[in-house]
Amino acid sequence: MSVVHQLPPGWLLDHLSFINKINYQLHQHHKPCCSKNEPTASAPFGFPVKDSVSSFGGSTFIASDSTTKPENDDGRNSEMFIQKYVFRAELFDVTKPYIIPAVHKECRQSKEDLMDGVEKEISISITQKKRKRCVAFNQGELDAMEYHTKIRELILDGSSQLVQEGLKSGFLYPLSKKRDKCSEPFTLPVDACNLSELCEMAKHLPSLNEMKLETLQLMEDDVSVTEQDLLSRVVENNSSFTKVITIMGQKYLLPPKSSFLLSDISCMQPLLNCGKKYDVIVIDPPWQNKSVKRSNRYSYLSPFQIKQIPIPKLAAPDCLVITWVTNRQKHLRFVKEELYPFWSVEVVAEWHWVKITSSGEFVFPLDSPHKKPYEGLILGRVREKTALPLRNADIKVLPIPDHKLIVSVPCTLHSHKPPLAEVLKDYIKPDGEYLELFARNLQPGWTSWGNEVLRFQHVDCFIALESGSDYDLD
């Protein structure tokens with residue numbers, strides 16, 4: 001369970017536990033060699049049978065289990081190797097805030113004190129720059145401060161209750177407790193970040209633009225899949241075990257019962273070709289902001305481009321649509337007042353994800369004028385203009401409450417959002433169809449789409465367990 005505690009304000013989540021509860025077990029058939037000249041059989045998609053070498057620290061991990069299978073058609077015995085994987089715990093090792101306030105103030109402030117503090121911090125920052133500007137706030141800054149003032153007590157009181165429960169249960173722990181030696185910073189290989197470039201190249205392939213490609217189902221006996229097979233078509237792993245695929249020389253783990261489409265926004269047609277209607281659609285758009293424009297770290301979409309996402313064609317009646325929103329009020333208003341009405345989606349709730357350290361501190365100062373320790377989620381329901389029969393109408397779900405908090409220790413990999421499956425289970429129909437747009441990872445039971453949809457499935461994000469190891473997944 002990723003939900004550690006559930007209280008009236010919301011949920012305290014364990015993101016790492018959610019990932020590791022997924023059955024990341026790779027089952028591989030291995031045929032023993034009978035002569036010196038016969039090469040050792042390879043696992044599906046060219047993944048090594050005997051070991052997995054991680055580029056992180058140069059460690060080698062041995063396959064965990066093996067069992068002898070009955071004879072093959074050629075009369076020789078075959079062995080089944082089971083390789084188990086867990087997500088790297090150090091990627092959730094956030095023990096200290098990213099920014100520590102220079103002066104610790106009382107947590108509770110009046111509105112006037114808050115505004116004075118913001119003005120002071122901004123003025124200090126301005127004096128340190130070569131090019132100075134007037135201290136007067138622009139409209140966006142004023143709107144942000146007004147919004148923060150409205151939700152501040154909600155964030156502070158609600159997260160405090162959940163953090164206290166986490167400290168009592170031992171899930172969170174004070175900094176004074178003994179800690180293992182800090183691990184080195186982890187970065188993905190450069191080639192693992194080229195999925196978006198691959199999608200850009202794929203748009204220029206005539207075979208992909210002109211052909212209506214069917215869904216690619218990874219069967220138990222698949223041996224190889226080319227990069228072109230994976231581009232601009234939905235790929236499904238319907239087995240009960242993990243699959244490994246290789247793209248541009250990089251290996252990615254596909255969890256069981258998952259599917260994905262690797263493409264950019266110009267090649268979403270394969271999702272429509274599947275004919276599925278989704279009961280839940282989670283959207284994490286690449287919003288434009290100043291830091292993104294300066295760093296050129298990833299491409300962003302304009303509001304017009306986001307509106308072109310075919311949600312009405314993908315959504316089932318009464319579909320729950322959830323959109324991650326940055327703290328810019330311009331984006332928040334756009335989703336509520338323009339995007340959702342355009343999609344015939346009615347806003348029903350606004351939640352917040354609060355990011356904390358392993359000791360329960362906010363990762364950023366709550367009242368920082370630059371970065372906040374929270375992000376928003378806007379939840380809405382598709383409301384058809386004409387009444388359509390609901391899927392499984394006899395199944396009742398609870399109405400979605402407003403102003404809930406999702407509190408968790410964030411992953412150090414950029415934009416790795418916490419899972420929503422367990423916190424939504426009371427508000428959605430079981431065994432429905434679920435879709436995540438602009439995804440960077442896969443989940444069992446979900447279809448994921450994006451031009452970096454496999455980014456956090458890279459094998460280097462995981463550790464292959466040694467034989468006989470007893471890794472605690474709780």
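**Overview.** I am working from a predicted model. I began with the protein chain as a whole and found 12 helices and 20 strands. Of its 474 residues, 48% are buried. I then looked up the accessible surface, which comes to about 24,200 Å², with 52% of that belonging to carbon and sulfur atoms. For contacts between residues at least 6 apart in sequence, I noted that 73% join residues at least 24 apart.

**The sheet.** Next I traced an open sheet of 12 strands with mixed pairing. I wrote down its order as β1-β2-β17-β15-β16-β14-β13-β18-β19-β12-β9-β8. Which strands sit at the edges? I found β1 (3-7) and β8 (216-217), each pairing on one side only. I followed β1 to its partner, strand β2 (residues 10-13), and saw that the two pair in the antiparallel sense over four bridges. Here L7 stands opposite G10 in β2.

**Helix α11 against α3.** My last stop was the packing of helix α3 (residues 139-169) with helix α11 (residues 329-342). Their axes are 9 Å apart, at an angle of about 75°, which makes α3 roughly perpendicular to α11. I listed D143, A144 and Y147 from α3, and Q329, L332 and R333 from α11, as the residues making the contact. By type, I count three nonpolar, one polar and two charged residues in this contact of α3 with α11.

Key. Residues numbered from 1 in each chain as written. Predicted model: local features only at pLDDT ≥ 70, side-chain atom pairs only at ≥ 80, totals over all residues. Heavy atoms only, no water. Axes fitted to C-alpha atoms, helices over the stretch in contact; angles between N-to-C directions. Parallel < 35°, antiparallel > 145°, perpendicular 65-115°, else oblique. Contact = heavy atoms within 4.5 Å. Nonpolar A, V, L, I, M, F, W, Y, C, P; charged D, E, K, R; others polar. Buried < 20%, exposed > 50% of the residue type's maximum accessible area, 1.4 Å probe, protein only. Areas by Shrake-Rupley, 256 points an atom, 1.4 Å probe, with all protein chains shown as cover. Pairing = 2+ DSSP bridges.
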